[in-house]
Amino acid sequence: MIDKFEPKWIAWEITRRCNLNCVHCRSSSEMEIDGHPDFSTEEGYRVIDDIASYAKPVVVLSGGEPLLRKDVFDFAKYGTEKGLRMCIATNGMLVTDEICDKMNASSVRMVSLSLDGSTENVHDDFRNQKGAFAGVINAAKLFNKHKIPFLINSSFTKRNQEEIPKVYKLAKELGATAWYMFMIVPTGRGEDIMNELISKEEYEEILDWHYEMEKQEDELLVRPTCAPHYYRIVLQKQKEQGEKFQQRTLKFSTGGSKGCIAGQVICLIDVDENVLPCSYFPKSAGNLKEQFFKDVWENSELFRK
């Protein structure tokens, strides 16, 4: 149950530029983006001030690839000073010892890595870039070396669904604090692979597998993401098996107990400063160039529905 209508988690797209060309990218990111330029550092500070004056959510610096911006750690440091819990979402390819030092210096609380296969052939195919898998493995090693907590997000379609148990196992081996499984929501380039969406029958089987896995998992935090029907499965399985299953509280994430929480406790601010219900709901509730965040959150017609 949602006790108070306030943002708990905000994904902030600080750039739409990216060094990868992933098949499922919700923002169709690439290195050169026409019509969606990066905002200035000063404008970024203004957005942080706007958010922090109203609430103190988790803010995930996202993209695109946020490490392409030279001022990404200025935003992380400034947000931390304003009381926000600053995190970064990266594909891992630009992570170095120097980057890790800057993450620690700017008090980044958590980093999320994307891993969509247990081998380079599978992951690199999904990410459309040779070396992408090696980048994730190297980033995980560096995060462990520098004691930076990280979680792993994994997206699946028909092309890599057989990898799900293997990716889960690899996430544990890499030292992640959490593993979040996504069945892709077809927005952006994802609309070009509609024929790869996992069938509803197989989706159900995968969520059944996840339930049995989660019952036994006592180290890694796990939860299927953008899968509100998982909570129906949890209730059904508990009733069938005559047991009470207590899910653990997630860190720096938004897993609730039921339903979709887009526009209720989470949202996305894109690089053009549009405020959207979530990363996969391409409809704007308002724009921070024209309105304060509080006004959009509390009064937009879209969020009030």
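**Figure 1. The whole chain at a glance.** Two residues are in contact when they have heavy atoms within 4.5 Å of each other. With that in mind, take the contacts in this chain between residues at least 6 apart in sequence: 72% of them join residues at least 24 apart. The model shown here is a predicted one. Its chain has 305 residues, and 55% of them are buried. As for secondary structure, you'll find 10 helices and 10 strands.

Figure 2. Ten strands make up an open sheet with mixed pairing, and their order reads 7-6-5-4-3-2-1-8-9-10. At the edges stand strand 7 and strand 10 (286-287); each has a single partner strand, so one side of each is left without a neighbour in the sheet. Helix 1 (residues 41-52) packs on the sheet, where it touches strand 1 (9-13) and strand 8 (266-269). The direction of helix 1 makes about 170° with that of strand 1. Helix 5 (132-145) lies across strand 4 (110-114) and strand 5, and runs at about 160° to strand 4.

**Figure 3. Strand 6, covered on both faces.** Here's a strand that is largely enclosed by the rest of the structure, because six of its six residues are buried. On one side sit Ala178, Tyr180 and Phe182, and on the other Trp179, Met181 and Met183. Strand 6 pairs with strand 5 in the parallel sense, over six bridges. To find your way along the pair, look for serine 155, which stands opposite phenylalanine 182, and for phenylalanine 156, which stands opposite methionine 183.

Figure 4. Helix 6 covers residues 164-174, and its buried residues are Ile164, Val167, Tyr168, Leu170, Ala171 and Leu174. They span an arc of only 165° around the axis, which means they are on the same side of helix 6. What do these buried residues pack against? Their partners are helix 5, strand 5 (150-156), strand 6 (178-183), helix 7 and strand 7 (221-225). Just past the end of helix 6 comes glycine 175, with a positive phi of about 95°.

**Figure 5. Helix 7 meets helix 8.** The axes of helix 7 (residues 200-216) and helix 8 (residues 230-241) come within 10 Å and cross at roughly 60°. The crossing is right-handed. From helix 7, the residues taking part are Glu204, Leu207, Asp208, His210, Tyr211, Glu212, Glu214 and Lys215. Helix 8 brings Tyr230, Arg232, Ile233, Val234, Lys237, Gln238 and Gln241 to the contact. By kind, the residues of this contact split into seven charged, five nonpolar and three polar.

Figure 6. Is phenylalanine 293 buried or exposed? Its relative accessibility is 0%, so phenylalanine 293 counts as buried. Setting aside its neighbours within four places in sequence, phenylalanine 293 is in contact with Pro7, Ile10, Asp50, Tyr54, Cys267, Ile269, Val275 and Leu288. Take aspartate 50 from that list: 243 residues separate it from phenylalanine 293 in sequence, yet the two are 6.2 Å apart in space, C-alpha to C-alpha.

Technical notes. Residues are numbered from 1 along each chain as its sequence is written. This is a predicted model: local features need pLDDT of at least 70, side-chain atom pairs count only at pLDDT 80 or more; totals for chains, interfaces and linings use all residues. Side-chain values use heavy atoms; hydrogens and water are left out. Axes are lines fitted to C-alpha atoms, for helices over the stretch in contact, and angles run from 0 to 180 degrees between N-to-C directions. Helices (H or I, at least four residues) and strands (E, at least two) are DSSP runs, numbered from the N terminus. A crossing is left-handed if the near helix is turned anticlockwise from the far one by less than a right angle, and right-handed if clockwise. Ala, Val, Leu, Ile, Met, Phe, Trp, Tyr, Cys and Pro count as nonpolar, Asp, Glu, Lys and Arg as charged, and the others, Gly among them, as polar. Buried means under 20% relative accessible area, exposed over 50%, partly exposed in between (1.4 Å probe, protein chains only). The arc is that of the directions from the helix axis to the C-beta atoms. Two strands pair if DSSP finds at least two bridges between them.
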